[in-house]
Amino acid sequence: PKFSIQKETFKANELINSRSLYVTTKRFVNYDGKIIIGYMGFYPDGRMIVDDTWEKEMNQTLNEINSFNTATSIGYYTTNGNRIKMEYFLPFGGGQYLTREGILKKDTIILIEEVSRLFREKARSDTLVKSNYPLQDD
């Protein structure tokens with residue numbers, strides 16, 4: 001793995017709950033009508049997981065299969081005040097590293113992305129809300 005964020009100095013933040021998963025508010029519908037729900041988990045040492053599950057399997061998956069060793073995508077994050085920067089590896093289509101940024105607000109992470117390179121405008125791309133599902137240790 002060639003994570004660049006791992007080389008940055010990790011800063012823990014009390015705004016990140018490292019015992020719970022954060023679930024996206026967006027719902028994606030697959031070609032066959034099944035609903036996919038994404039989630040992220042953040043460990044206190046700067047590691048993170050990114051994964052998704054079918055809505056019908058959500059309770060089982062989020063309660064049992066959500067650790068650094070079982071997640072589809074893993075990565076690292078760091079924080080600075082109420083800002084979070086994440087980098088994770090997606091193993092699909094040959095694999096790629098994604099870097100995302102967000103704003104921490106109580107039990108919510110607002111993910112932002114650049115929507116106009118010309119004007120450097122940023123917009124909300126998704127919202128993650130702290131859930132009651134536990135983040136599993138390794």
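## Close-up views of a predicted model

**View 1. Strand β4 and its partners.** Strands β4 and β5 (residues 73–80) run antiparallel and are joined by 4 bridges. Within this pairing, Ile49 has Ile74 of β5 as its bridge partner. β4 also runs antiparallel to β3, and 7 bridges join these two strands. Because 6 of its 8 residues are buried, β4 is largely enclosed by the rest of the structure. The model shown here and in the other views is predicted.

View 2. Thr53 belongs to strand β4, which covers residues 47–54. Is Thr53 buried or exposed? Its relative accessible area is 6%, so Thr53 is buried, the cut-off being under 20%. The side chain of Thr53 makes a polar contact of 3.1 Å with the side chain of Thr61. Leaving aside residues up to four places away in sequence, Thr53 touches Ile35, Ile36, Ile37, Tyr39, Met58 and Thr61.

**View 3. The largest pocket.** The largest pocket holds about 420 Å³ of space. Its lining has 23 residues, and those closest to the centre of the pocket are Phe28, Gly38, Val50, Asp51 and Asp52. Two or more lining residues come from each of β3, β4, β6 (83–90), β7 (96–105), β8 (108–116) and β9 (121–134). Which element gives the most to the lining? That element is β3, with 5 residues. By residue class, the lining has 12 nonpolar, 5 polar and 6 charged residues.

View 4. Asp32 lies in the loop between β2 (28–29) and β3 (35–42). With a relative accessible area of 41%, Asp32 is partly exposed. What does the side chain of Asp32 reach? It reaches the backbone nitrogen of Lys34, at 3.2 Å.

**View 5. Val129 in strand β9.** Val129 is placed in strand β9. Its relative accessibility is 33%, so Val129 counts as partly exposed, between the limits of 20% and 50%. Val129 and Leu21 lie 108 residues apart in sequence, yet their C-alpha atoms are 8.3 Å apart in space. Which residues does Val129 touch, not counting those up to four places away in sequence? They are Leu21, Tyr22, Val23, Thr25, Asp107 and Thr108.

**View 6. The whole chain, for orientation.** The protein contains 1 helix and 9 strands. Along the sequence these elements follow the pattern β-β-β-β-α-β-β-β-β-β. Of the 138 residues in the protein, 41% are buried. Among contacts between residues at least 6 apart in sequence, 48% join residues at least 24 apart.

Note on methods. Residues are numbered from 1 along each chain as its sequence is written. This is a predicted model: local features need pLDDT of at least 70, side-chain atom pairs count only at pLDDT 80 or more; totals for chains, interfaces and linings use all residues. Side-chain values use heavy atoms; hydrogens and water are left out. Buried means under 20% relative accessible area, exposed over 50%, partly exposed in between (1.4 Å probe, protein chains only). A polar contact is a pair of N or O atoms within 3.5 Å; within protein, one must be able to donate a hydrogen and the other to accept it, and residues adjacent in sequence count only if both atoms are side-chain atoms. Contact means heavy atoms within 4.5 Å. On a 1 Å grid over the protein atoms alone, a cavity is a set of points where a 1.4 Å probe fits but cannot get out, and a pocket is an open set with protein on both sides within 12 Å along at least five of seven lines; lining residues have an atom within 4 Å of a point. Grid points are joined across faces, edges and corners, and a volume is the space filled by probe spheres set on the points. Ala, Val, Leu, Ile, Met, Phe, Trp, Tyr, Cys and Pro count as nonpolar, Asp, Glu, Lys and Arg as charged, and the others, Gly among them, as polar. Two strands pair if DSSP finds at least two bridges between them.
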